Amino acid sequence: MYKGQIITVIVPCLNEEQGIEKVLRAMPDFVDEVIVVDNDSTDRTSEVAASLGAKVIREEVRGYGRSYKRGFTQATGDLIVTLDGDHSYPVDALSYLIEAFLHLKADFLNASRFPVQDPEAMSLKHHLGNLALSVVMSILFFRWVRDSQSGMWVFRRAILKEMKLESEGMPFSEEIKIEALRNPRIRFREISIMYSSRLGEKKLNPWRDGVRNMAFLVKKRFLR
């Protein structure tokens, strides 16, 4: 518990046995519940996570959004914090993020990876792709968002009932931010964090995922 708030951390994983160990070993003591959603891994992700005290949920249908939606159904905390299982997001910054969340009186806090301080953490291609997606999202939804693709957020679990989350894949990351920022009852805020190089194999296909995310933004804006 942190200042009277029950904290749930949700970590979606696909073959992250190397990274998830470091993530869980660095988890602060004030976190009440850690949910690792194993998205049909073929390595020892589930075993490693369970051995370190996480609640492991198996989601056999692969998909980033699918994993999160499965995890949300199991969360019991007042606040939900999300991060990836590859150790690229700063687990040791959770108290800083929650403090910022409370200080800003936010309902949804997006942890922006920009400006990228570690030059090894993100290639120029990924950097430009993320910038393009963030600019397009900001233009379409009339609100500047520095990092539309960040996978680290803090939000009140209660706001999930006000969101219509449809994506089962990578666009889920931008969709949950869109649902938060265009709802006048949800206070959306954003701060910068330190982002590091991931552990383990890369899963993203920059061109394929970039095109899908861009198409989803247009569809979300004009067809829903």
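A nonpolar patch is made of residues with over 30% relative accessible area and no salt bridge, its side chains (Val, Leu, Ile, Met, Phe, Trp, Tyr) being joined within 5 Å. The views below come from a predicted model, in which local features need pLDDT of at least 70, side-chain atom pairs count only at pLDDT 80 or more, and totals for chains, interfaces and linings use all residues. Residues are numbered from 1 along each chain as its sequence is written, and side-chain values use heavy atoms, with hydrogens and water left out.

**View 1. A nonpolar patch on the surface.** L124, L128, L131, V135, I139 and W144 form this patch. Together they have about 620 Å² of accessible area, a value from the Shrake-Rupley method with a 1.4 Å probe, where only the protein chains shown count as cover for residues. V135 belongs to helix α5, residues 124-141; helices (H or I, at least four residues) and strands (E, at least two) are DSSP runs, numbered from the N terminus. With a relative accessible area of 31%, V135 is partly exposed. Buried stands for under 20% relative accessible area, exposed for over 50%, and partly exposed for values in between (1.4 Å probe, protein chains only).

View 2. Leaving aside residues up to four places away in sequence, S138 touches R143, W144 and V145; contact here means heavy atoms within 4.5 Å.

**View 3. The largest nonpolar core.** A nonpolar core is a set of buried Ala, Val, Leu, Ile, Met, Phe, Trp, Tyr and Cys residues joined through side-chain atoms within 4.5 Å. The largest one has 37 residues, and those with the most contacts inside it are I7, V9, I20, M27, V36, L83 and L94. At least two of its residues come from each of β1 (7-13), α1 (17-25), β2 (33-38), α2 (45-51), β4 (79-82), α4 (94-103) and β5 (108-112). Helix α4 supplies the largest share, 5 residues. A second, separate core has 29 residues, among them Y68, L140, L165 and I186. In soluble globular proteins, nonpolar side chains tend to be buried together.

**View 4. Surroundings of I7.** Not counting residues up to four places away in sequence, I7 touches Y2, F30, V31, D32, E33, L79, V81 and I98.

View 5. How many residues of helix α6 (residues 172-181) are buried? The count is 10 of 10, so the helix is mostly covered. The buried residues of α6 include F172, I176 and L181. E179 forms a salt bridge with K220, the closest N and O atoms being 2.9 Å apart; a salt bridge is a side-chain nitrogen of Lys or Arg within 4 Å of a carboxyl oxygen of Asp or Glu. K220 lies in helix α7 (residues 206-222) and E179 in helix α6, so this pair ties together parts 41 residues apart in sequence. Both K220 and E179 are buried.

View 6. The salt bridge count for the model comes to 18. Side chains of opposite charge can pair when their charged atoms come close. E168 and R66 meet in a salt bridge at 3.0 Å, N to O. E168 is in the loop between β6 (153-156) and α6, and R66 is in helix α3 (residues 64-74), 102 residues apart. E168 is partly exposed at 36% relative accessible area, and R66 is also partly exposed, at 29%. Salt bridges that share partners join E59, R66, K69, R70 and E168 into one network. E162 and R185 meet in another salt bridge, at 2.8 Å, N to O. E162 is in the loop between β6 and α6 and R185 in the loop between α6 and β7 (188-192), so the pair ties together parts that are 23 residues apart in sequence. E162 is partly exposed at 29% relative accessibility, whereas R185 is exposed at 60%.

View 7. A cis peptide bond joins F114 and P115, with omega about 0°. P115 lies in the loop between β5 and α5. D40, in the loop between β2 and α2, has a phi near 65°, a positive value in a residue other than glycine. H87, in the loop between β4 and α4, has a positive phi as well, near 70°. D40 is partly exposed at 25% relative accessible area, and H87 is partly exposed at 27%.

Key: Patch = residues over 30% accessible without salt bridge, like charges linked within 9 Å, V, L, I, M, F, W, Y side chains within 5 Å.
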